[in-house]
Amino acid sequence: MKKIFLVGLLALVLVVAGCAGGSSVTEVSGNLENGVRVVQMKAFQFGFDPNPVVVVKGDKVKLVVTSTDVTHGFSIAEFGVNVQLFPGRPSIIDFTADKSGTFIFYCSVPCGAGHRSMRGRLIVK
Ligand SMILES: [Cu+2]
């Protein structure tokens, strides 16, 4: 009985969270500039902004990622991306979003206690 209550409560929390998140989750990130989707991003201990990053399948994507604190990395295995991010110096990451789905991007440079949780989602829709 208690378990059923907990499952019900969890479902309610998820519904409420889903409504609160609203359409922003599926809104395409950044701006189209000369046919390239440009997304300015920040990396910090321990996360990325924006998160998720949303693009459209077929987009030529240019991520401009700047660390606001220490040296981080930025990696998306499925798109062959792995670069270092130096504090205050934008790194430019170009790739074509040629497959749809949800992909994890993550910090690839040990940066402190929360390094393992420093990740986000790239949604290609
Ligand atoms: Cu890290």
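**The copper site and His72**

Along the chain, the donors of the copper ion follow the spacing C-x1-V-x1-C-x3-H. The model shown here is predicted.

Start at the metal. Four protein donors hold positions around the copper ion: Cys107 through SG, Val109 through O, Cys111 through SG and His115 through ND1. They lie 1.9 to 2.5 Å from the copper ion. The angles between these four donor atoms run from 82 to 124°. A tetrahedral label needs all angles between 85 and 135 degrees. The arrangement is therefore irregular, because its angles are 82 to 124°. For four tetrahedral donors, the ideal angle at a metal is 109.5 degrees.

Cys107 is buried, with a relative accessible area of 4%. Cys111 is at 9% relative accessibility, so Cys111 counts as buried too. Val109 and His115 are also buried.

What about disulfides? A search of the whole structure finds zero of them. A disulfide is a covalent bond between the sulfur atoms of two cysteines.

Now move to His72. This residue is found in strand 6, which covers residues 72-76. His72 has 0% relative accessibility, so His72 counts as buried. The side chain of His72 makes a polar contact with the side chain of Asp69, at 2.7 Å.

Key
Residues numbered from 1 in each chain as written. Predicted model: local features only at pLDDT ≥ 70, side-chain atom pairs only at ≥ 80, totals over all residues. Heavy atoms only, no water. Donors = N, O, S within 2.8 Å, 3.2 Å for Na, K, Ca; no water. Tetrahedral: all angles 85-135°; square planar, octahedral: opposite > 155°, others 65-115°. Buried < 20%, exposed > 50% of the residue type's maximum accessible area, 1.4 Å probe, protein only. Helix = DSSP H or I, 4+ residues; strand = E, 2+ residues; numbered from the N terminus. Polar contact = N/O pair within 3.5 Å; in protein donor to acceptor, adjacent residues only side chain to side chain. Disulfide = S-S within 2.5 Å.
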